Amino acid sequence: MAVNENFLGRSYPPTPPFAVGREHIRDFAEAVGASDPVHHDLEAARAAGYTDLVAPPTFAVIPGQRTDRQFVADPEAGVDYTRVVHGEQRFTHHRPIVAGDELRGILHIDSVRAAGGHQMVTMRSEIIDADDQPVSTSRSTIVIRGGE
């Protein structure tokens, strides 16, 4: 089954809120080897001018992937998840993610194209906070491998 090319230009409604907790940040920082105290120690984060623990920049992959999942899980999109390969992902940060944020994502399908027997879909997730202010923009491309 091929990806439904009519999804080009489609947007999805905002995802449910994702509450960023201190332990989420500490666990993620530990996993990626981010040792800056602002990721682990509340007093260090506050001394650096933040309201709470600061997430490493790549933490945005979590709300970004939660947002992107809407397309992959949409049965009308025609994506066979067993054939999906993550192509690339880039972030533009508008402000740091801190513990206590409630993040939602709005997904846009920016590109659907065929290449070499495969299909490539580029998605843009606008990550916003509880006040609808921009936090991060995630751009990711997935490749849906063609038949064998």
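Modeller: Gln 65, Asp 68, Arg 69, Val 72, Tyr 81, Val 84, His 86, Met 123, Ser 140 and Ile 142 line the largest pocket. Keep in mind that this is a predicted model, where local features need pLDDT of at least 70 and side-chain atom pairs count only at pLDDT 80 or more, while totals for chains, interfaces and linings use all residues. Numbering starts from 1 along each chain as its sequence is written, and side-chain values use heavy atoms, with hydrogens and water left out.

Colleague: What makes something a pocket, and what makes a residue part of its lining?

Modeller: Picture a 1 Å grid over the protein atoms alone: a pocket is an open set of points where a 1.4 Å probe fits, with protein on both sides within 12 Å along at least five of seven lines. A lining residue has an atom within 4 Å of one of those points. The space in the largest pocket comes to about 200 Å³, a volume being what is filled by probe spheres set on the points, which are joined across faces, edges and corners.

Colleague: Which elements give two or more residues to that lining?

Modeller: They are α3 (61–73), β2 (84–93) and β5, and α3 gives the most, with four residues. Those names come from DSSP runs numbered from the N terminus: helices are H or I with at least four residues, strands are E with at least two.

Colleague: How is the lining split by class?

Modeller: Five of its residues are nonpolar, three polar and two charged. Ala, Val, Leu, Ile, Met, Phe, Trp, Tyr, Cys and Pro count as nonpolar, Asp, Glu, Lys and Arg as charged, and the others, Gly among them, as polar.

Colleague: Back to α3: how do you know what span to expect for this helix?

Modeller: The rule is 1.5 Å times one less than the number of residues. With 13 residues, α3 has an expected span of 18 Å, and its first-to-last C-alpha reach of 18 Å is close to that.

Colleague: And how many helices and strands does the chain have?

Modeller: There are three helices and five strands, in the order β-α-α-α-β-β-β-β along the sequence.

Colleague: Why is Ala 45 called buried?

Modeller: Buried means under 20% relative accessible area, exposed means over 50%, and partly exposed is in between (1.4 Å probe, protein chains only). Ala 45 sits in helix α2 and has a value of 0%, so it is buried. Leu 42, also placed in helix α2, comes in at 15%, so it counts as buried too.

Colleague: What about Asp 36: buried, partly exposed or exposed?

Modeller: Asp 36, in the loop between α1 and α2, has 39%, so it is partly exposed.

Colleague: And why does Thr 141 get its label?

Modeller: Thr 141 lies in strand β5, and its relative accessible area is 8%, so buried is the word. Contact means heavy atoms within 4.5 Å; leaving out residues up to four places away in sequence, Thr 141 touches partners including Val 85, His 86, Met 120 and Val 121. Across the whole chain of 148 residues, 43% count as buried.

Colleague: What makes a group of residues a nonpolar core?

Modeller: The members are buried Ala, Val, Leu, Ile, Met, Phe, Trp, Tyr and Cys residues joined through side-chain atoms within 4.5 Å. The largest core has 18 residues, and Val 20, Ile 25, Leu 53, Phe 59, Ile 97 and Leu 103 touch the most other members. Helices α1 (22–32) and α2 (42–47) each supply at least two of its residues. Another core lies apart from it, with 14 residues including Phe 71, Val 121, Met 123 and Ile 142.

Colleague: Which residues does Leu 53 touch, beyond four places in sequence?

Modeller: Among them are Ile 25, Val 38, Leu 42, Ala 45 and Ile 97. Ala 45 has Val 38, Tyr 50, Asp 52 and Leu 53 as its contacts, counted the same way.
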